[in-house]
Amino acid sequence: MIQSSDFIVLARNRLCVYDSCMTDSPIPPNQQLVRGDRWPIVGERHPGDIDSPWSLEICGCVASSPTFSLDEIRAMPQVTRQIDVHCVTRWSKPAMSFTGVRLRDLLHDSETPIWTDEANFVSFVARSERNHSTSLPLSEVRELDPIIALQAEGKPLATENGGPMRMVVPGKYFYKSVKWIRRIKFMKEERLGYWESEAGYHNGADPWREERYMAPTLTKQTAMRVIESRDFRDQDLRGINASHRDLADLQASDALLRDADFRSCNLQRANFRGANLSNSKLQRADLQAANFTGADLEGADLSGADLRGCDIRGASLFGATFFQPDANETDSLRAIIDRSTQVDLASLDALVDEQKSFVRNAIEF
Ligand SMILES: Nc1nc2c(c(=O)[nH]1)N[C@H]1C(S)=C(S)[C@@H](COP(=O)(O)O)O[C@H]1N2
Ligand SMILES: [Mo]
């Protein structure tokens, strides 16, 4: 299964205060606000090769390939910008202040751009164990005017947030902003990045259009066949539409079910142990005695689901929803939770306040 550890790291980070009230700047659809000085750490936590000096190399379809040392970058003119951060796992932190060097300033020799006519895409590569990368069309790089950030909120970037230097690309989900930037490569052809190729993140990454994940590749026939078998174990079934089905006793341990639709399903006793259900739709599902231990439920919608006798211990709950605060027909959209629902109380810290108190009250009632 893909890097579920990456998501668990996020859930364990309890330093941030979540809140879903309104602010001045509107946030993209289906995002929740994070407040306070800290923000969640997503993905890799440490750079690789920490012993050699930091530098940034520009290469590929370029007229020259300069390498800038960290000191050289620090000595360049700095800008401070307010940039809205939107993570694909549904948290946003609007108007964060980032200070650093405009990428544009590294890519021009007076007015002449460094790239050649062949360049169409730009790949951003991290100094990390997996050579983490992401890419963008050159036209978007020019338009979005990214910065190589050295500071966030007036302080040097923390190592786990990409220090000493990271990309910050405004206007895209945050996975387009590589931490510990080490190389920027101009390319003729597109090269999909780590999340885009390994986790099915949408290559467009526009938060306003909710370009979170690639469209599912499952055909209707395959989906039907697998639904009938009730055996989803270890399979990649991203985006599967199984709504309104009788799937009692479903076997789905370690399945990849990101963005899956299980609305109003009978899922009594279903086994989702270790499954990735991030952003899945489970509204009004009957989940009595289902097993979600160690599952990824980030951004999952469980409003109105019946969770009696259900086990969600060790599940990652960032951005999960258990009730719809603004729905009129409140009752039908409140998850049914009681003492028989097994929840690890610490994992509730990953929820926004109102969701957290809803679940706590329901358990203690
Ligand atoms: N090198 C590297 N950069 C990365 C990632 C990663 O795993 N490795 N994760 C991306 C994702 S998915 C997000 S949301 C942001 C998270 O940045 P943060 O940890 O500072 O919040 O970094 C992006 N850049
Ligand atoms: Mo992300």
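1. Let's start with the annotated domain. UniProt, in an unreviewed entry, places "Oxidoreductase molybdopterin-binding" at residues 52-195. Please keep in mind that the model is predicted.

2. Now to the ligand and where it sits. Ligand 1 is found in the largest cavity. Around ligand 1 there are 21 residues, of which P40, E44, R130, R166 and K179 come nearest. Sorted by class, this shell holds twelve nonpolar residues, five charged ones and four polar ones.

3. The polar contacts deserve a look of their own. Which side chains have a polar atom 2.8 Å from an oxygen atom of ligand 1? R130 has one at that distance, and N161 has one as well. In the side chain of W195, an N or O atom lies 3.3 Å from a nitrogen atom of ligand 1. As for cover, ligand 1 on its own has 530 Å² of accessible area, and the protein covers 100% of that.

4. G163 and P164 are joined by a cis peptide bond, with omega at about 10°. P164 belongs to the loop that runs between β12 (155-156) and β13 (166-168).

5. Most residues other than glycine have a negative phi. Where does R230 lie in the chain? R230 is in the loop between α6 (220-229) and α7 (353-364).

Key. Residues are numbered from 1 along each chain as its sequence is written. Chains are lettered from A and ligands numbered from 1 in the order in which they are written. This is a predicted model: local features need pLDDT of at least 70, side-chain atom pairs count only at pLDDT 80 or more; totals for chains, interfaces and linings use all residues. Side-chain values use heavy atoms; hydrogens and water are left out. UniProt positions are given in the numbering used here, feature names are shortened, and annotations may be inferred rather than shown by experiment. A residue is near a molecule or strand if one of its heavy atoms lies within 4 Å of it. A polar contact is a pair of N or O atoms within 3.5 Å; within protein, one must be able to donate a hydrogen and the other to accept it, and residues adjacent in sequence count only if both atoms are side-chain atoms. Accessible areas come from the Shrake-Rupley method with a 1.4 Å probe; for residues, only the protein chains shown count as cover. On a 1 Å grid over the protein atoms alone, a cavity is a set of points where a 1.4 Å probe fits but cannot get out, and a pocket is an open set with protein on both sides within 12 Å along at least five of seven lines; lining residues have an atom within 4 Å of a point. A molecule sits in a cavity or pocket if more than half of its atoms lie within 2 Å of its grid points. Ala, Val, Leu, Ile, Met, Phe, Trp, Tyr, Cys and Pro count as nonpolar, Asp, Glu, Lys and Arg as charged, and the others, Gly among them, as polar. Helices (H or I, at least four residues) and strands (E, at least two) are DSSP runs, numbered from the N terminus.
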